[in-house]
Amino acid sequence: MDLLNLQTLTDMLGTSLRLSVPLIFAALGGVLSERSGVFNIALEGKILAGAFGAALGAFLFNDPFGGLLVGILFGMLAGSILAVLGVSLGVNQIVTGIAINLFVLGITAFLSRIVFGAQANTLRLPGFKPIDLPGLSSIPVIGPVLFRQDLMVYLMIALAILVFLFLYRTPWGLAVRAVGDNPAAADTAGIPVHGVRYGCVIAAGGLAAMGGSYIVLSQVFLFSEHMSAGKGFIALAAVILGRWHPLGALAACLLFGMFDALQLRLQFNYQDVPHQFFQMLPYLISILALVGLVGKPRPPAAIGRDYRREAK
Amino acid sequence: MTEYKLLLDDISKSFGATRANDRVTLAVRPGSVHAILGENGAGKSTLMNILYGLYRPDSGRILVDGREVEIHSPRDALDAGIGMVHQHFMLVTQLSVVENIVLGMKRLGLQLNLAAHSRALEELSQSFGFDIDPWAEVGKLSVGMQQRVEILKLLYHEADILILDEPTSVLTPGEIGPFFDLLRRLRDAGRTIILITHKLDEVMAIADRVTVMQDGKVKSELSTEEADTDMLAHLMVGREVMVRVRHPNRSPGATMLRLEKISVADARGLPALDVVSIDLRAGEVLGIAGVDGNGQAELARVIAGLVPAQSGRLLLEGVDITGAGVAERLQRFGIAYVPEDRHRDGLVLDASVAQNAVLRRYRSPPFARMGFFRPAMIRDHAQRLADSYSVRMQSVDQPIRFLSGGNQQKVILARELDGEPRVLVVAQPTKGLDVGAIEFVQSEIIAQRDRGVAVLYISTELEHLLDVADRVGVLYRGHLMDVLPAEDASAERVGLLMAGVAPQRAGAA
Amino acid sequence: MTRFLSLVFLLRGLLAVFAALLIGSVLILAAGADPLTAYGTLFQGAFLDYWGFATTLQIMSPLLLAGLAVVLPLRAGLFNIGAEGQIYIGALFATVIALYVPGLPGPLHILLCSFAGALGGALWALIPALLKAYRRINEIIVTLLLNFVALHFVSFMVGGPMMEPGAPYPYSPEIPESLFLPHLLPRTDAHAGVLVGVVIALVMFAVFHRGTFGFSLDTVARNPDAARYAGISVERHIIVAFLVAGAIAGLAGTFEVLGHRYRLFHAFSQGYGYDGIVVAFLAGLSPLLAIVSALFLAGLRAGASIMQRAVGIETTVIEAIQGLVILFVAVSLAFRYRATEVGRALRRRQEVERALDAESEERES
């Protein structure tokens, strides 16, 4: 295997980036919601909801933008369930998250049969096409990797920077971080704790759904049951590994994406080894990354905890 | 300008059956320090939480500068110029000073310009003689500094009515003087300060006027010039202050428990207890004083076996017990422990009184056999304990959550003293209890001492400590500063030690 | 009024099921069938038909065991979302013993297989337990990721080293007939695994209610600081809870091989481990009620294919209904909060009345 070959390297990096895009969208959502103190195991369900919404929208409007829009909408809907149950009603956020995952799993499996019927697996939905950024895309290696991507990838990069700026450079971001660490203190400072959490959780739904939309609209052009395949959980691991920082999470997702790409290449190169062996690698790597994490992670102090003002 | 900066008019608030505030009226003049004095549960905090929008009053109105204001949230209070420093600080410890201070400010715009704010902050803090680095992480500041951050926050938010809830409870005696100077500066700059306290000398030292509360009602309002401490004490307690009888022990026995150069690390790995050696004798009460957070918790927990000693040895009558676990120390060596925080450590609130009464022995006979409970044995035992300590409750099957603090404490005491311990470690046993319960707890501790038990009594409330202790040791930043005989332990001397001022002579326990 | 509310509180599982079936009927309508007929054939097929009921029992075995594997750690406040992976590894261990340890008498060999299966599940659960106890790594994420590792690892084993020669897709050779579990109903798939599940549920009930271990787990969950003070090692209880749960889930996988499929197939579990979460929460975390909720959910699955044949509704509708059940169970958990809110308001009302009484007495005197 000649990894040093320039073409192979470019291919590898390109594949790595593409495989990490859904993770990054989801992880950005995870960072946002967990920084506000809401544990977000529902990322998986939100990716799936987004994927289904994207397929449905693209199918109905015959247009990828319609798909993206419906996908985001579905993700935000799933996020709203978490917000209502986990924030307003004070139901355990983990239970709520698991419930949302299982609910989305079941309902999308059912609805996809109704909407797409027998053609579900043969359908080719309209998708996004790569856009060359003229000039930039001809830089060797970096050019094709970074500047010959489709709209969603550019959107992802923009959103990662935006989430970072939002959290660390705006008063609202400060409010989010305060709510996640000490809601009582934030409340005394006049910050609407539940309002902030609603905003973050619903936005997280939209972000994770964009990850699901990307899989459908840029990678496979169809919807299949359970297609999120644990990406939401890997994204959660990336959130921890990235220490609840948007750019840290992004780096962790890129790392996971790189291992996924490597795994695919190994599958291709060692065809006598059953491919399932390589398929388990991304999950294994995620666990090992969590275990090997240097130092103890410090999650937002109030994560998973319900906040009520009048405790008496 | 009206006569009163702030007027609380006829405020009432009930929680369930208790009337926490009963037609309270409070008038505060501008540019004054106004103390609200009362015992625990007199309704001071409820009143202030109403003023700050955390509770809604059942009836009554609030006027600022003569205009009626509606306060439904802390936001409304801040808008009306009212700021509050809670007893438990409302700071996000993970954020920097400047971030904490600008949090929740209006008109910050789209972009957060922390640099500009920190410059303004530095100017403000210098004008009042604070010395605070705006970029420091709040969690890394000392408690006294955190308190200043809280006050600075209110000033920066342009609050001109400052409510301070028991502000000196976190300070050493040495820090209190400068803190009062600061309050005077603020008052002279035109701010109005409301000071909630139960300490008489503080009222006399700093306040211009004082409102005394008892049982949710205003008992009296007067100028400090026409008051003295005896009079205030009488008003506050509502009966003659009891004359305390010291029960000095005549003959302490031999050393029961010996701590040899014990060190304990805290959660971050920093030394919480730094090479501490103590000899605790049978039949004595050794009091441990100190400002909260100077290693008292770790001292208690290392003796009870809840945290491992990093180095050093623990000897019980000469037997090395350093490696023994929690259960072994209680059951085999007779080390009983009444923890500081009843709700966090001492009880399982959702479990029944009976289960809590055997919490530390539930797996051993006669309460369990072959891994299964014998409920009748447990209930009988609990009932017996409850009877002998006159615990007020409906039944032993009731969740202990529904018992009063005093009765919960009785259950813990009954449980810990049941096995006739040789060593008794008690941490803050009177915290949050009413006067009657405090007397009960203290007389029980004296009774144990007279029975020959070696008692280690940890408290941050110096008055209570001096009531029962035969000797007083002082912890400061994990060091045992000195151990004094009770008769030498004046408040002034202990206060200096609590502030870390080393004693003239080298003391050993 | 309060009695009515506490009744609602008790029945919330039933209410959740009812609400889910109600919305499910909208889904069935959307798919173009009559909900009443559909549900009729489903429940008749699942519970009143000999063959259908046998299928229900057969599916109930893994569901109940997986449900119990979720219930136990939750008693100590831990989420075991890894039953799925523990099922796979348990099945793998059991199959290895079944295929490669020859010459044992049948019953002994079955016992050994079961032991191996339980051990496999327990070892798989030990990973998140150790990471949780000593490194404070979130057990939910670890168990979830391990599920995928287990799934692919078993696929790899039966697609490679253990693959039946010439098989069209990955599965192992058949286990010897002497290892087949006895059947509860003659000529059907209803194997004895479900009985083991019921026995474990009963034992668990006894331990939770009267056992010191149950109380220790409760205390760890309710107040870990008090647990330490009571001499309970929190770390050890985390590990034991996970080990036992993993062993139970491992048995679920074992019985799938020994009682139903007689081979190790890749991806055989079809999400039983996740269904176990639904079983556990629908039962309100009670091991006894888990028997009922596992029976009900197994019936849904067994009846689904009968319904599909009869009225032409895709079986995926059952997945949707099951998703709705767990969602409504989550909604019903908010009842606790609401109930206390209402309760508080009622108490206040009583106090107001008492106060009014006192006032009128004063006026009279």
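This report describes selected features of chains A, B and C in a predicted model.

Residues are numbered from 1 along each chain as its sequence is written, while chains are lettered from A and ligands numbered from 1 in the order in which they are written. Because the model is predicted, local features need pLDDT of at least 70 and side-chain atom pairs count only at pLDDT 80 or more, whereas totals for chains, interfaces and linings use all residues.

Helix α4(A) covers residues 93–116; helices (H or I, at least four residues) and strands (E, at least two) are DSSP runs, numbered from the N terminus. The 24 residues of α4(A) reach 33 Å from the first C-alpha to the last, close to the expected 34 Å, where the expected span is 1.5 Å times one less than the number of residues. The helix is largely enclosed by the rest of the structure, because 18 of its 24 residues are buried. Here a residue is buried if 20 or more other C-beta atoms lie within 10 Å of its own, exposed if 12 or fewer, and partly exposed in between, with C-beta atoms placed from the backbone. Just after α4(A), A:Gly117 adopts a positive phi of about 60°.

Between the two chains, 36 residues of chain A are in contact with 42 residues of chain C; contact requires C-beta atoms, placed from the backbone, to lie within 7 Å. On the side of chain A that touches chain C, α4(A) gives the most, with 14 residues. The residues of that side divide into 26 nonpolar, 8 polar and 2 charged. Ala, Val, Leu, Ile, Met, Phe, Trp, Tyr, Cys and Pro count as nonpolar, Asp, Glu, Lys and Arg as charged, and the others, Gly among them, as polar.

**Chain C**

Chain C holds 14 helices and 0 strands. Of its 365 residues, 56% count as buried.

**Chain B**

Strand β1(B) (residues 6–15) runs antiparallel to β2(B) (residues 18–28) and also antiparallel to β4(B) (residues 59–64). Strands pair if DSSP finds at least two bridges between them. B:Leu7 has a bridge partner in β2(B) and another in β4(B).

| Strand pair | Bridges | Partner of B:Leu7 |
|---|---|---|
| β1(B) and β2(B) | 7 bridges | B:Ala27 |
| β1(B) and β4(B) | 5 bridges | B:Leu63 |

Elsewhere in chain B, B:His381 lies in helix α13(B) (residues 375–388). B:His381 is partly exposed, with 19 other C-beta atoms within 10 Å. Leaving aside neighbours within four places in sequence, B:His381 is in contact with B:Ala357 and B:Val358.
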